Every structure is written in C-alpha cells, then in structure tokens.
Amino acid sequence: MLVARAKLDPHPEPVDLRIGNGLITALDGHLDPVRDEEVLDARGGAVIPGLHDHHVHLSATAARLASVDVGPAAARDREGFGELLRTAPAGAGGWIRAVGYHDRVAGPLDRAGLDALRAGVPVRVQHGTGELWVLNGAAIAATGLDDVHAPGVERDAQGRVTGRIWRMDAWLREVTPPVARRFDALGRAAAAAGITGFTDATAGRDERSVRDLRAAAGPGGLPQRRLLLRSDAWFPPAGDPEAGAYKIVLDDERLPDLDALVDVVRAAHDRGVPVAVHCVTRVQTVLTAAAIEGAGPRRGDRIEHGSVIPAELVAPLARLGVAVVTQPGFIADRGDRYLADVDPRDVDDLYRARSLVDGGITLAAGSDAPFGPIDPWTAIRTAATRAAPSGAVVGPGEAVPAATALGWYLADPRHLGRTRSVHVGAPADLVVLDGPIDAVLRDPGPSAVRATVVGGVVVHPA
Ligand SMILES: [Zn+2]
C-alpha cells in the first residue's frame with residue numbers, strides 16, 4: 001500500500017510512504033504505485049503514529065456498549081433513572097445491567113432503593129467509579145449474596161446484606177450470566193478516533209479473560225494492538241510480547257503497610273517486570289513512591305491515574321523514573337464534581353500535568369474507559385484548557401500545549417519515555433489527519449481523523 005502526499009514532520013513537503021508486511025518500507029518525495037497497489041491519498045494532511053490508549057479496560061468498555069447507561073447525562077434525576085431501569089430490555093439470563101451511576105442522580109443506592117424502582121427481575125447497577133455494584137432483591141436472591149462473607153459485601157446493623165458490594169467483579173462474573181460485549185463497536189469507535197493500540201489495565205486478570213481478548217482481536221472485533229498488564233493469576237515471563245507491567249491496586253480502606261508493599265514491588269522486579277500502581281488518593285501516591293524507593297525502581301514502573309500528587313513528591317518520582325499515566329478526559333467528564341467534592345487541600349494536586357512535565361516526569365495518557373470517555377481528542381483538548389463541562393477550570397496552572405498531550409498518546413507503550421515516529425522500518429500504525437498538525441491541534445476533535453491504519457491495514461474508514 002502507498003500513503004500518498006503525507007505531511008510528515010520535519011519534511012517541508014508532503015512525501016509518499018510505502019507499506020509492506022505491516023511496516024513502513026519506503027519514504028520518498030514521490031513513489032510510483034506498483035501494479036494494483038492500494039493508494040491512500042493523505043492530500044497533504046498530517047500523518048502521525050497511531051494513538052495508543054495507555055490505560056483502558058477493554059472488556060468492561062465492550063460490556064458498557066451493551067448495557068444501560070444511567071450516568072448523570074442519561075438519567076438526570078430519580079425519575080429519569082427509574083424510567084431507564086423500567087424500560088431497559090433484559091439482557092442475558094433476564095438481567096438488567098446498568099452502568100455509570102452517580103449519587104447525584106438519586107442519592108446513594110441500596111437494595112431497597114433499587115427494588116422501589118424495579119423489582120422482579122435481577123438488576124445490578126455499577127457506580128461511575130467502577131468500584132461499587134448495587135444489587136436489587138432479585139439479583140441478591142439470584143446470586144446467593146446473602147451467604148457471601150467477604151470484605152467487599154456491605155451489611156446493615158442487623159447483619160443483612162444491603163446490596164452494595166465493593167470490588168467484587170470477579171465474584172459477580174462467576175454468579176451472573178455472561179455479559180454481552182460489543183468489541184466490534186469498541187474497535188470501530190476507537191479506530192475512528194485514531195487509536196491503534198491499547199494497554200488494558202484491568203486488575204485481577206485471569207487466563208480466561210486473556211483468551212476472551214485474544215478471541216476478540218482482529219477485523220470485525222478489536223483490530224488494535226494490545227498490551228495487557230499482568231496480575232497474580234496471569235504473569236507471563238519477562239519479555240512476553242503481550243504482557244506489560246504488574247498491576248497493583250491500592251484501596252484506602254485496606255492499605256498494605258509499607259514493608260508489605262515493598263515486598264510486592266520487589267517480587268515483580270525480581271521477575272524482571274515493572275509495576276503499575278493504581279494511585280487515586282494522596283496516601284496511595286505517598287505509599288507507592290516510598291515502596292518503589294524501598295524496593296529500588298525498575299524502568300517501566302508507572303503510576304496509574306496519579307489523581308492526587310503532592311508537590312513534594314514530584315522530584316522524588318522524577319528521580320525514581322516513575323512514569324504517570326494520566327486521564328485528561330476525566331476533567332472534561334467530571335471536572336465540576338471534582339471541584340465540588342474533592343478535599344480543598346487536594347485541588348491544587350488534582351491531575352497534575354504541567355508541573356509533572358516541568359519536574360521531569362514522563363507522562364502518558366489513557367481513557368480509563370469505561371470510567372472515562374474513550375475519545376483521546378477531547379482529552380487532548382482538555383489537557384490544554386483544563387475545562388470542566390461547566391467551563392470551570394481545574395488547576396489552570398497544570399495546562400499543557402495540545403501538542404504535549406498528543407505526545408502522551410504517541411509514547412511507546414513499553415517504554416513510555418520514548419515517542420514513536422513515522423520512519424522506514426517502523427510499524428505501519430498510522431493516522432491520517434485532515435489538515436496540518438498545527439491546525440488540528442488548534443481545535444482537536446475526532447473528526448480530524450481521516451483514516452487509521454494498523455499494521456498496514458486500513459481500519460478506518462472500514
Ligand atoms: Zn482503570
């Protein structure tokens with residue numbers, strides 16, 4: 001295949017690119033198509049490496065595309081939420097699966113609250129944070145939750161389950177019918193936004209879920225490349241091309257002590273694998289920095305989210321070489337809630353970006369879909385504006401140029417400090433934009449993506 005008339009930095013004039021066996025094989029001012037060679041005409045638009053979403057949950061996002069969205073935009077209030085639940089078509093096994101709930105819609109939910117809105121069929125509602133599911137009475141009966149005694153199962157003063165369960169996804173998968181997943185819709189939406197690769201950051205991955213993702217790969221499913229963070233149950237040896245850092249989840253309610261966390265980090269490092277630590281609160285970030293320091297850093301160690309990073313940790317994290325995988329899309333999605341709900345002491349430390357860049361920390365970006373919006377261009381725009389939906393600005397001093405934020409999606413998923421580029425010998429993972437890069441970055445949006453190529457195959461437009 002030829003990509004013709006591609007505007008490629010730093011070449012002053014458009015160039016032609018030849019693609020063969022999934023790689024860029026030639027780059028010249030003019031290349032003549034050989035017989036029957038497919039030509040993709042970039043018409044002078046910028047051609048950049050494909051965007052990589054460095055933190056996503058593929059299976060959950062594909063499931064969300066087959067679930068009822070009850071987020072604040074869709075449900076608005078208690079009335080609207082009830083209406084969505086009452087009219088939702090039952091999915092597999094007669095279940096209704098609703099996602100994206102926020103307490104703002106109808107207050108904290110529990111079994112009784114859900115039964116008042118829809119009883120008789122099993123209903124489960126996921127909180128927008130992804131940490132909490134709420135089950136109605138029929139769902140509690142169907143799953144046998146009454147007899148489950150685990151730290152994540154909330155009980156009232158009388159010892160009855162309230163229907164609220166935290167971080168019980170693995171258990172839920174065992175006791176509920178398989179959820180329909182729309183990997184095809186996810187693959188298409190991501191391709192249309194110029195995404196050619198994903199790092200799936202799902203905690204607690206097992207063999208079965210890896211097989212699922214492999215089965216979803218390819219045309220008609222997920223055409224993008226993928227890197228999967230490791231877990232205890234899925235820990236391929238160092239060097240495995242499919243496997244990334246070892247994911248560690250911290251939870252403020254059940255924080256390990258420092259020595260225990262140092263041991264966990266060291267155990268991964270001893271097997272030749274860096275760690276990826278979920279840090280969404282101040283204490284989690286502080287503990288993580290201390291643990292990596294205690295174990296000794298390894299190249300590739302990363303902090304997921306870095307939602308709250310105290311100023312005094314910027315220099316130590318830079319010294320340790322720990323990268324931060326941030327989600328600018330969260331500000332576009334829920335910036336107003338942050339400003340309203342977050343501890344005032346934390347506001348200045350919220351989703352830092354500029355101060356991390358200036359402090360010498362490597363950044364990369366991801367969507368955290370389905371918990372954040374999948375579109376990277378909105379995230380890039382938001383990194384530059386820091387604008388919440390209302391227009392309120394979250395940490396104006398943390399804004400970065402859109403070009404910097406684009407660079408966070410161009411990082412090599414295995415070496416976040418390296419930026420991928422378009423050159424002979426590079427994988428043919430490309431995005432053709434509908435204008436020069438400067439113009440696109442002045443007004444970033446997914447409509448700027450004219451074509452997306454993964455491994456030499458055009459995946460958008462299909
Ligand atoms: Zn996540």
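Asn21 is exposed, with 8 other C-beta atoms within 10 Å; a residue counts as exposed if 12 or fewer lie that close to its own C-beta, as buried if 20 or more do, and as partly exposed in between, with C-beta atoms placed from the backbone. Here the model is a predicted one, where local features need pLDDT of at least 70 and side-chain atom pairs count only at pLDDT 80 or more, while totals for chains, interfaces and linings use all residues. Numbering starts from 1 along each chain as its sequence is written.

Back to Asn21: its phi is near 55 degrees, a positive value in a residue other than glycine. Asn21 sits in the loop between β2 and β3 (23-28); strands (E, at least two residues) and helices (H or I, at least four) are DSSP runs, numbered from the N terminus. Asp36 is not a glycine either, yet has a positive phi of about 65 degrees. Its place is the loop between β3 and β4 (39-41), and Asp36 is exposed, with 5 other C-beta atoms within 10 Å.

Then there are the cis peptide bonds. One runs from Asp9 to Pro10, with omega near 0 degrees, and Pro10 lies in the loop between β1 (2-6) and β2 (15-20). Another joins His460 to Pro461, with omega near -10 degrees; Pro461 is in the segment after β24 (457-460).

Zooming out, the chain has 17 helices and 24 strands. Of its 462 residues, 47% count as buried. What about the nonpolar core, meaning a set of buried Ala, Val, Leu, Ile, Met, Phe, Trp, Tyr and Cys residues joined through C-beta atoms within 7 Å? The largest has 104 residues, and Val3, Val47, Leu363, Ala405 and Val432 have the most contacts inside it. Apart from that core lies another, of 25 residues, among them Phe81, Ile96, Val105 and Ala139. Leaving aside residues up to four places away in sequence, Val47 touches Val3, Ala6, Lys7, Leu8, Ala42, Val422, Leu430 and Val432; contact here means C-beta atoms, placed from the backbone, within 7 Å.

Finally, a pair of helices. The axes of α13 (residues 329-341) and α15 (residues 376-385) come within 6 Å and cross at roughly 70 degrees; axes are lines fitted to C-alpha atoms over the stretch in contact, and angles run from 0 to 180 degrees between N-to-C directions. In α13, Gly329, Ile331 and Ala332 meet Thr378, Ala379 and Thr382 of α15.

Notes:
Contact = placed C-beta atoms within 7 Å. Core = buried A, V, L, I, M, F, W, Y, C linked by C-beta atoms within 7 Å.
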